[in-house]
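Student: I'd like a close look at one part here, the place where the chains meet. Could you walk me through it?

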Amino acid sequence: LPAGLSQWFPALEVLDVSGTGLTEMGTELLSLPCLHTLLAKNNRLGGPGSLPKGLGQAPLARSLRVLNLSGNRFSEVPPALLQLRGLRSLSLGGNRLHSIPPDIQELHSLEFLYLGGNFITAIPPELAKLPSLTYLVLCDNKIQSIPPQLAQLHSLRSLSLHNNLLTYLPREILNLVHLDELSLRGNPLVVRFVRDLTYNPPSLQELAGRTIKTRNVPYAPSDLPESLVRYLSLASNCPNPKCGGVYFDSCVRQIKFVDFCGKYRLPLMHYLCSPECSSPYSSASQSSTSQSESDSEDEASVAAHRMQKVLLG
Amino acid sequence: MEQPVQTETWKARSLEELVRILHQIFAEDKVSVDEVQALMESYESNPEEWLQYAKFDQYRYTRNLVDNGNGKFNLMILCWGEGHGSSIHDHTDSHCFMKILQGNLKETLFEWPEKKGNGEMTKKSERVLRENQCAYINDSIGLHRVENISHTEPAVSLHLYSPPFNTCNTFDQRTGHKHKVTMTFYSQFGERTVCVSTDEVLLPRPGL
């Protein structure tokens with residue numbers, strides 16, 4: 001960036017330095033008080049000095065709304081970037097990212113996040129802590145699974161997951177009520193029912209933990225070693241509404257197909273506390289016809305109907 | 001469309017001229033596919049002439065009507081953000097011409113699925129269309145998916161459909177199952193058109 005930029009153009013709001021071969025953006029950025037849009041795509045940014053030091057304290061940290069760094073050489077999200085608290089739109093498409101830092105949750109105003117065309121293998125659950133996220137692009141990466149926490153992104157309207165390595169999705173994805181667009185093509189989604197036969201019986205520690213939780217046995221930090229107190233806090237609830245049980249490490253992974261009128265079957269995955277437990281989406285062929293089971297069937301079919309619109313659109 | 005006796009070689013020097021010549025061609029009883037494709041390709045994309053129709057949407061590609069060809073054809077501009085793509089679709093027995101005005105679009109051709117097909121659809125071929133190139137497809141050629149595979153550049157394309165249609169089938173690549181959909185315009189003649197759901201009633205705005 002040319003020296004003296006902020007002296008000549010102190011009121012600069014939009015700066016487009018795309019396609020200029022930039023290898024770093026220096027301290028000139030720090031003295032631009034009104035900048036809300038910075039476009040620097042198709043450059044050679046990605047090395048250590050790409051973003052200037054002290055970015056978090058500059059006026060830019062509050063004023064910048066849109067940052068486009070697509071088509072550069074970033075192999076990780078630069079920590080300085082996470083200090084841009086006012087950022088609404090971030091694009092790092094077509095870079096060399098292998099992961100998304102959990103601290104991405106610092107960008108709490110983020111609405112638009114484009115990470116397509118990288119080498120990302122996993123999504124941190126912390127991504128779900130972005131309350132305003134409406135558009136999330138993760139296509140053309142190497143993602144093998146979606147954390148169920150992603151269903152907490154209540155504002156999400158569009159989710160792009162095409163061309164990844166997904167074999168199934170977490171069933172919680174059906175909870176995204178505002179989702180209008182969902183792309184899943186180019187993933188090796190399982191098409192046949194998969195029964196996970198490797199169920200490891202629970203350890204004594206797990207059985208004890210389950211009993212404490214389900215019978216509400218009272219305990220205080222002074223009663224147990226710290227490691228066990230932590231262990232007990234990690235209990236997960238069995239999704240079977242009739243079960244009410246919990247599990248720690250020992251669970252059954254089950255893939256259930258949610259059927260969209262025989263045209264599209266989406267493999268959804270959830271954990272159950274034991275092989276005897278039944279899924280919240282039990283098929284009609286199973287024996288029980290109790291109220292709660294048919295309730296969750298209705299819930300599943302309503303969600304499935306809505307998702308059908310999304311998937312076949 | 002059948003081959004006429006004489007094929008003209010047109011050169012459209014502007015978008016306006018392209019539309020005018022199209023009206024002329026389609027006024028005849030017989031229209032040549034090659035003639036229309038050559039005409040579309042001859043127009044050198046000039047953003048100043050079509051920027052008013054190029055309205056992008058953050059979430060998906062948009063269809064913006066430019067001219068309704070006196071009922072003989074629809075000419076529209078499609079705007080594709082980074083990563084935006086279409087489903088696999090057919091063309092309801094119509095002719096489809098697609099010219100790139102900006103950026104690049106990848107076209108993947110598919111065979112029609114078997115009648116009682118229940119397997120993965122067969123890819124026939126794929127190619128990346130460059131600026132000013134014009135592709136042609138109809139149902140006898142096959143089905144296609146069109147996508148902007150760039151993560152850094154938006155793309156804009158000019159489409160001509162004859163006869164016009166507003167429904168088509170989309171296909172699930174993994175099973176070949178089809179689903180009829182209705183297409184809408186994001187804008188018409190440069191003006192944004194808001195989609196009203198059939199369940200809602202448009203209330204008059206106060207003060208107007």
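Student: Which side chain does B:Glu147 meet in a salt bridge?

Tutor: Keep in mind that this is a predicted model. The partner of B:Glu147 is A:Arg185, and the N to O distance in that salt bridge is 2.6 Å. Three salt bridges are counted between chain B and chain A, while the count over all chains comes to twelve.

Another pair to click on is A:Lys41 with B:Glu153, a salt bridge whose closest N and O atoms are 3.5 Å apart. Both partners sit in loops: A:Lys41 is in the one between β2 (37-39) and α2 (60-63) of chain A, and B:Glu153 is in the one between β8 (143-147) and β9 of chain B, so this pair joins two chains.

Now zoom out to the whole interface. On the chain B side, 23 residues are in contact with 28 residues of chain A. Together the two chains bury about 2,000 Å², with 47% of that on carbon and sulfur atoms. If you want to know who gives up the most area in chain B, look at B:Tyr59, B:His151 and B:Arg174, which together account for 39% of what that side buries.

The peptide bond from B:Ser162 to B:Pro163 is cis, with omega near -10 degrees. For background, most peptide bonds are trans.

Chain A has a backbone spot to check as well. A:Asn216 has phi near 50 degrees, a positive value in a residue other than glycine. You'll find A:Asn216 in the loop between α3 and α4 of chain A.

Helix α3 (residues 204-214) and helix α4 (residues 226-233) of chain A pack at an angle of about 65 degrees, with their axes 10 Å apart. That angle makes α3(A) roughly perpendicular to α4(A), and their crossing is right-handed. From α3(A), the contact uses A:Gln205, A:Glu206, A:Gly209, A:Ile212 and A:Lys213, and α4(A) brings A:Leu228, A:Tyr231 and A:Leu232. By type, the residues of this helix contact are four nonpolar, two polar and two charged.

How values were computed:
Residues numbered from 1 in each chain as written. Chains lettered and ligands numbered in written order. Predicted model: local features only at pLDDT ≥ 70, side-chain atom pairs only at ≥ 80, totals over all residues. Heavy atoms only, no water. Axes fitted to C-alpha atoms, helices over the stretch in contact; angles between N-to-C directions. Helix = DSSP H or I, 4+ residues; strand = E, 2+ residues; numbered from the N terminus. Parallel < 35°, antiparallel > 145°, perpendicular 65-115°, else oblique. Left-handed = near helix turned anticlockwise from the far one by under 90°. Contact = heavy atoms within 4.5 Å. Nonpolar A, V, L, I, M, F, W, Y, C, P; charged D, E, K, R; others polar. Buried area = accessible area lost by both parts, 1.4 Å probe. Salt bridge = Lys/Arg side-chain N within 4 Å of Asp/Glu carboxyl O.
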